[in-house]
Amino acid sequence: MSGNSSGGDADNFNWDTEDELEIDNYTISSHSGVSLPHGEAVLGAAEASLGADSPNSKIIDHFVGMGFSKEMVAKVIEENGGENSNLILETLLQYSASSLASSSNSKLIDHFVGMGFSEEMVVKAVQENGEGNTDTILETLLTYSALEKSVPMQQIADSGYCSSDYEGSFLDDFSDTDSSSETEEFMNPDSDEERKLLHLTKMGFSEVEASIAMERCGPDSSIAELTDFICAAQMAKAADALFPLEDKKPFSNDFNHKKRRNLDYDKWKRKKQMKLEKRLNEIDDALHLPNPMIGFGVPTESDQIIHRKLPEAAIGPPYFYYENVALAPKGVWSTISRFLYDVEPEFVDSKYFCAAARKRGYIHNLPIDNRFPLLPFPPRTIHEAFPLTRKWWPSWDTRTKLNCLQTCTASARLTDRIRKALEHNHDEPPLSVQKFVLDQCRKWNLVWVGRNKVAPLEPDEVEMLLGFPRNHTRGISRTDRYKSLGNSFQVDTVAYHLSVLKDMFPEGINLLSLFSGIGGAEVALHRLGIPLKNVVSVEISEVNRNLVRSWWEQTNQRGTLIDIPDVQELNGDRLEQLMSRFGGFDLVVGGSPCNNLTGSNRHHRDGLEGKDSALFFDYCRILDLVKCITARNQ
């Protein structure tokens with residue numbers, strides 16, 4: 001439901017609903033150097049200042065060790081001096097890019113062969129990517145080399161070349177060259193916490209990531225939960241370093257871009273850690289997010305809250321139910337609670353109801369005792385949901401739950417490259433390859449469908465996980481199916497909360513469904529056996545309105561369905577007319593757009609002030625009008 005809005009074309013929305021934390025982090029790749037013409041003359045002119053006893057000799061050795069020619073380094077130091085290593089590195093990269101861009105194909109091959117890559121490997125990389133983009137060729141060669149262990153990883157880390165924004169890359173395992181120093185203090189762990197931290201650092205995660213995960217998930221959390229937390233945090237920064245390669249850009253002349261790419265390793269690492277801490281601290285600290293996220297109770301947990309005191313202004317009629325992403329920016333849930341009569345939010349993760357995580361917050365005035373779940377229980381683990389995948393599941397993939405289901409899927413190019421990476425290793429792949437593959441599997445919810453073969457979930461599989469009937473979204477494009485499902489309710493979770501209404505409305509219910517999406521609330525009430533007498537469904541997407549209408553007809557609903565495309569059409573006069581016709585609304589349900597709240601929307605994560613998520617205030621406006629009209633008619 002959270003993906004719908006009003007007052008515009010639905011196609012203009014950022015449909016991404018990935019709602020995990022962000023970690024700003026960079027992937028490291030290697031530098032290369034190309035000799036300049038007349039390099040000997042340049043070197044001769046600079047020999048006096050760059051001799052073995054000169055203070056600049058170490059700088060020359062450093063950059064020559066990174067692969068730049070001695071002639072080029074000498075010229076650059078002569079031009080810029082030897083004090084500013086970052087400026088030297090920028091100039092060397094400019095010369096390298098310029099020289100490579102103008103070289104012929106044979107010279108390009110000779111250049112990379114001179115860097116230590118095999119001629120066969122270089123020819124293959126050039127054939128795949130063309131000779132125009134040296135940056136992409138270098139990335140491809142580094143990928144091959146990392147798999148074959150043919151390029152020293154220490155050299156890659158020392159080069160300080162940050163090639164992309166995505167932190168979950170394959171090369172991350174080789175970038176933390178000082179990881180041994182990070183873990184020295186844990187070599188003799190005395191506590192369970194220290195053992196877990198040591199285990200996580202050995203898996204390739206940094207001490208900062210491991211420590212924050214322990215703090216957030218609690219001391220009793222398992223290794224699987226901790227790794228899921230860290231990888232979920234990494235998922236939000238979805239700029240993949242190596243996949244797809246077509247998103248890569250050649251060297252840019254823009255100063256800010258070059259400066260970002262050319263951060264040295266120590267500076268990069270400090271920046272990564274600072275941004276990690278900052279992002280994790282951006283979680284709404286005014287309202288504590290519980291761990292575990294089970295709200296007032298779930299069917300599979302014994303801890304249940306059966307009584308709560310509602311503020312007087314929140315007491316119905318009508319009943320109301322509001323949903324949005326749990327991991328919203330700072331202060332969002334305090335504001336939502338304040339505008340919805342200061343009702344305490346109920347934060348629930350759908351992993352307690354199905355095999356996929358979906359962290360959501362709910363504010364409602366429903367009773368919380370005598371709840372009951374939908375039967376039969378849906379599959380609770382990946383293997384229960386997809387038993388045929390168990391045969392192909394490797395022992396090192398320890399996932400039991402899928403991450404939040406997204407509005408988009410992994411490309412065929414990514415899954416093919418994963419297959420090739422695994423086929424490089426006939427036995428169990430090394431830890432670095434395992435970590436990379438697991439990062440991608442968690443990020444895109446990939447499942448194993450063959451030997452060394454992963455694939456994204458099909459739309460009907462997503463329907464099953466979210467509790468919708470099979471083929472609920474059939475008849476529209478695959479892209480629209482993923483978008484619509486990714487923005488919907490998890491039906492089993494919502495039905496558990498709404499189950500208290502069954503005994504209250506045995507003759508049926510009048511429902512006002514705002515931002516109704518593909519009808520998650522309607523499906524939940526129908527599956528609970530609560531008759532739908534009259535439903536007013538407000539939804540901007542014509543595709544989604546048609547899906548709800550089709551479901552209504554296929555399930556032989558006997559009530560009345562009225563669909564409205566824009567919440568702003570619902571003013572006082574229109575509401576009074578509808579309520580007079582139906583005798584009022586028993587339940588007002590909705591989940592306003594989360595576009596400006598999710599971690600994936602880094603450019604417009606403006607909270608409730610954002611263009612789309614500000615429609616939350618229309619939910620409040622309409623609910624207040626319904627309450628006023630109801631009170632006046634009593």
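Which residues of helix 12 (residues 207-217) are buried? They are Val208, Glu209, Ala210, Ile212, Ala213, Met214 and Cys217, where buried means under 20% relative accessible area with a 1.4 Å probe and protein chains only. Keep in mind that this is a predicted model, so local features need pLDDT of at least 70, side-chain atom pairs count only at pLDDT 80 or more, and totals for chains, interfaces and linings use all residues. Residues are numbered from 1 along each chain as its sequence is written, and side-chain values use heavy atoms, with hydrogens and water left out.

**Helix 12 and what follows**
- Helices here are DSSP runs (H or I, at least four residues), numbered from the N terminus.

**Helix 22 against helix 23**
- Helix 22 (residues 491-498) packs on helix 23 (residues 520-528) at about 60°, and their axes, 9 Å apart, are lines fitted to C-alpha atoms over the stretch in contact, with angles running from 0 to 180 degrees between N-to-C directions.
- From helix 22, Val491, Asp492, Val494, Ala495 and Leu498 meet Gly520, Val523, Ala524, Leu525, Arg527 and Leu528 of helix 23 (contact means heavy atoms within 4.5 Å).
- Sorted by type, the residues of this contact are eight nonpolar, one polar and two charged, with Gly counted as polar, Ala, Val and Leu as nonpolar, and Asp and Arg as charged.

**Cysteines**
- Cys404 counts as buried because its relative accessibility is 1%.
- Cys441 is buried too, at 0% relative accessibility.
- The model has zero disulfides, a disulfide being a pair of cysteine sulfur atoms within 2.5 Å.

Technical notes:
Buried means under 20% relative accessible area, exposed over 50%, partly exposed in between (1.4 Å probe, protein chains only). Helices (H or I, at least four residues) and strands (E, at least two) are DSSP runs, numbered from the N terminus.
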